[in-house]
Amino acid sequence: MMGDVKPDVCVVGLGYIGLPTAAIIARAGCKVLGLDVSEHVVDTINRGEIHIEEVDLDGLVHGVVQRGLLRASTQIAPSDVFVIAVPTPFEKDGHHTPDISYVLAAATQVAAVLKAGDTVILESTSPVGTTEQMRDLMAGLRPDLKFPGKTKETPDVSIAYCPERVLPGRILEELTNNDRSIGGITPRCARKALAFYKRFVRGTCVTTDARSAEMTKLVENAYRDVNIAFANELSMVADRMGLDVWEVIRLANRHPRVNILQPGPGVGGHCIAVDPWFIVAGAPDETPLIRTARNVNDGKMHHVVAKAAELVEAHPGVKVACLGLAFKANIDDFRESPARYVAASLARKFGSRINVVEPYAGQLPREFEGTGAVQIDLDTALEECGVLIVLVDHDVFKVVPLAERSGKVVYDTRGIWPDQPGVDVAGAGLRLAS
Ligand SMILES: NC(=O)c1ccc[n+]([C@@H]2O[C@H](COP(=O)([O-])OP(=O)(O)OC[C@H]3O[C@@H](n4cnc5c(N)ncnc54)[C@H](O)[C@@H]3O)[C@@H](O)[C@H]2O)c1
């Protein structure tokens, strides 16, 4: 851009979202200060290294740190644009109450260095109204500045909400190419944020208000969760009725207006299994469907444990392999993973009969300690284990030919081996399709 003055940017929170975002903004030529509370994170990045796994992120971070465009610190400094990407977990009250204390802590830090002309953008997945709460907090801390929606005059600062919809493993590509919703506290705020994102986003940026943008992010994940719950419920019905759920879904999807998703062992990760509760928290009486979907998907995990245990018990003395621990295919992320929950439950119940195959894990997570279960490679599992329980659809599992699985008892919770003959458990007529 001719005469373009690139803003200085501060990205608060350098995790799975913040670090790739900081690196991409730096690649676009802005000077970026990355702020994190963790000394380890800050030191790692300042060495030009990374503390998380993400495709191509290491080279990008190394390059922008070397060129002096990205620097990390635990101390905030004045900037022109602040992007907040800190965690938004649940409170520890056991009721799935959203905890926005990290967002408010970040906003407090930003308020200390805020000046007229600055833009503050919240990217953390947040309950509706969080951006306004953040604005109110900063307005209380900085009575010398005029805040949007709080004054009839032109405000001094702009505040917007702009959620992320990236897929782990494709974050750099999706950060650049996905469409984005940009929600301003006022239309003027949205335009300021839009001009900023245009510097590094190639997808279409659609402006809206902050509350709609907050809700949009939650709705996207609740939509996925409800649809997966339908498939998971069907799989449990099919188990009860002795039907092959994969066959039923395949046939139903031939209807031109039906598109049922695939069942699995539950829903994991830190987005789809979490975000729907933020809607429930905001409207508890109006969300029976969203709440039920969450419970169905969590219930599927327990269903799989029960069916797998039944299968293991029906084959005494036979070695068992659980295939996969990750929360989805081809990644090394085991947070909130139903596969991990199922495998660990079986390990606690059956001890050394249980073996775990997880090519993306260097060692088994802590909850396997003392159970007697061990990690083995896929080849050993195929040679030595008579019962295979498929929990993750990693590509490396999908390509195992029938010849190497024939004669084995298989519980395929992901439907990766449609050619596997069905299994009857203890003559109960139970076909373990899902
Ligand atoms: N990971 C994803 O795939 C994904 C996708 C979409 C949205 N989100 C949302 O993005 C937000 C961030 O998620 P994440 O996965 O990057 O989290 P993360 O845990 O990987 O990283 C968060 C980072 O923020 C730091 N932090 C915490 N409080 C801080 C503070 N006050 N000041 C500075 N740094 C602070 C932590 O030390 C950590 O390094 C969450 O709201 C999440 O729901 C994540």
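# Close-up views of a predicted model

**View 1. Helix α10 is mostly covered.** Of the 8 residues in helix α10 (residues 275-282), 6 are buried, where buried means that 20 or more other C-beta atoms lie within 10 Å of the residue's own, exposed means 12 or fewer, and partly exposed lies in between, with C-beta atoms placed from the backbone. Helices (H or I, at least four residues) and strands (E, at least two) are DSSP runs, numbered from the N terminus. The buried residues of α10 are Asp-275, Pro-276, Trp-277, Phe-278, Ile-279 and Val-280. Their cover includes helices α8 and α11. This is a predicted model, in which local features need pLDDT of at least 70 and side-chain atom pairs count only at pLDDT 80 or more, while totals for chains, interfaces and linings use all residues. Residues are numbered from 1 along each chain as its sequence is written.

**View 2. Asn-227 sits in helix α8.** Helix α8 spans residues 210-241 and contains Asn-227. Asn-227 counts as partly exposed because 14 other C-beta atoms lie within 10 Å. Pro-338 is 111 residues from Asn-227 along the chain, and the C-alpha atoms of the two are separated by 17 Å.

**View 3. An open sheet has 5 strands.** The strand order is β11-β10-β9-β12-β13, with parallel pairing; two strands pair if DSSP finds at least two bridges between them. At the edges are β11 (374-375) and β13 (409-412), each of which pairs on one side only. Strand β12 (residues 387-390) pairs with β13 in the parallel sense over 4 bridges, and Val-390 has Asp-412 in β13 as its bridge partner. β9 and β12 also pair in the parallel sense, over 4 bridges. There, Leu-323 has Val-390 in β12 as its bridge partner. From β12, Val-387 and Ile-389 point one way, Leu-388 and Val-390 point the other way, and all are buried.

**View 4. Helices α11 and α12 lie against the sheet.** Helix α11 (residues 288-313) lies across β9 (320-323), β12 and β13, and runs at about 180° to β13. Axes are lines fitted to C-alpha atoms, for helices over the stretch in contact, and angles run from 0 to 180 degrees between N-to-C directions. Helix α12 (residues 338-350) packs on the sheet and touches β9 and β10 (354-357), its direction making about 155° with that of β10.

**View 5. A UniProt feature covers residues 321-419.** The unreviewed UniProt entry places "domain: UDP-glucose/GDP-mannose dehydrogenase C-terminal" at these residues; UniProt positions are given in the numbering used here, feature names are shortened, and annotations may be inferred rather than shown by experiment. The span is 28% helix and 17% strand, and its end C-alpha atoms lie 19 Å apart.

**View 6. Pro-20 is in helix α1.** Helix α1 consists of residues 18-27 and includes Pro-20. Pro-20 counts as buried because it has 28 C-beta neighbours inside 10 Å. Leaving aside neighbours within four places in sequence, Pro-20 is in contact with Glu-54, Leu-57, Ile-171, Leu-172 and Leu-175; contact means that the C-beta atoms of two residues, placed from the backbone, lie within 7 Å.
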